[in-house]
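Subject: Structure for you to look at

Hello,

Here is the structure I said I would pass on.

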Amino acid sequence: MKSLFLSLIFILVSISIFAQVPTPNIADGQSVCPNETHYYGDQIIDFNSTYQFTIVPAQAFNIVGDQIQVTWTTPGTYTITMIETNSSGCQSTTTAQVVVQNIVQATINPIVVCEQGTIQNITGQNLGVNPVYNGPGIVGNTFNPAGLAPGVYNITVNSQTANGCPITGVGTATIEPLPTGTIYTD
């Protein structure tokens, strides 16, 4: 029983020492969003091998065990090179290309409406898929000035590109006061 217990402890310690961050599917051709973090490395890590990584053009990464962790910050196409050297000194080189999508900023067209005016549709550019608008007077994809005082109100939008990358933007809705004319006589 004692040897079984010691064997179990050895197995648990071995698993915890050699545990690796899970590597995603094959990275070549991967498309990622800006500011996403991913891990890259050999699908099956050989703990008797050593691994060296480079990314061209240069992109910062952290070494996590025998893998790297990358937070993609700048749009573009990158080549990750991994050189594995086994315990016999034999080397193999693998590369993968990763495309970091462009940062997309939504633009909301300014809305100008009179106090007690009619409901206005929110329009703009790069609004993405299923945009969600927020702010005072927002109902779905419209701005309703009812009950709001004259002034400038911010409208925010959160959405995503067809690739699933986030889109954000800010616009304004201005409520103009009604004129306060009075009829005079002579």
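Predicted model: local features only at pLDDT ≥ 70, side-chain atom pairs only at ≥ 80, totals over all residues.

Strands β6 and β7

Strand β6 covers residues 76-85 and pairs with β7 in the antiparallel sense, over ten bridges. Within this pairing, methionine 82 has threonine 94 of β7 as its bridge partner. The hairpin formed by β6 and β7 has five residues between the strands, and glycine 89 there takes a positive phi near 90°.

Strands β1 and β7

β7, residues 91-100, also pairs with β1, residues 30-32. Here the sense is parallel and there are three bridges. Valine 32 has its bridge partner in β7, namely valine 100.

Glutamine 30

Glutamine 30 lies in strand β1. Its side chain makes a polar contact of 2.7 Å with the side chain of tyrosine 40. Leaving aside residues up to four places away in sequence, glutamine 30 touches His38, Tyr40, Gln97, Val98 and Val99.

β14 pairs with β15, residues 142-143, over two bridges. In that pairing, isoleucine 138 has phenylalanine 143 of β15 as its bridge partner.

Regards

Conventions. Residues numbered from 1 in each chain as written. Heavy atoms only, no water. Pairing = 2+ DSSP bridges. Helix = DSSP H or I, 4+ residues; strand = E, 2+ residues; numbered from the N terminus. Polar contact = N/O pair within 3.5 Å; in protein donor to acceptor, adjacent residues only side chain to side chain. Contact = heavy atoms within 4.5 Å.
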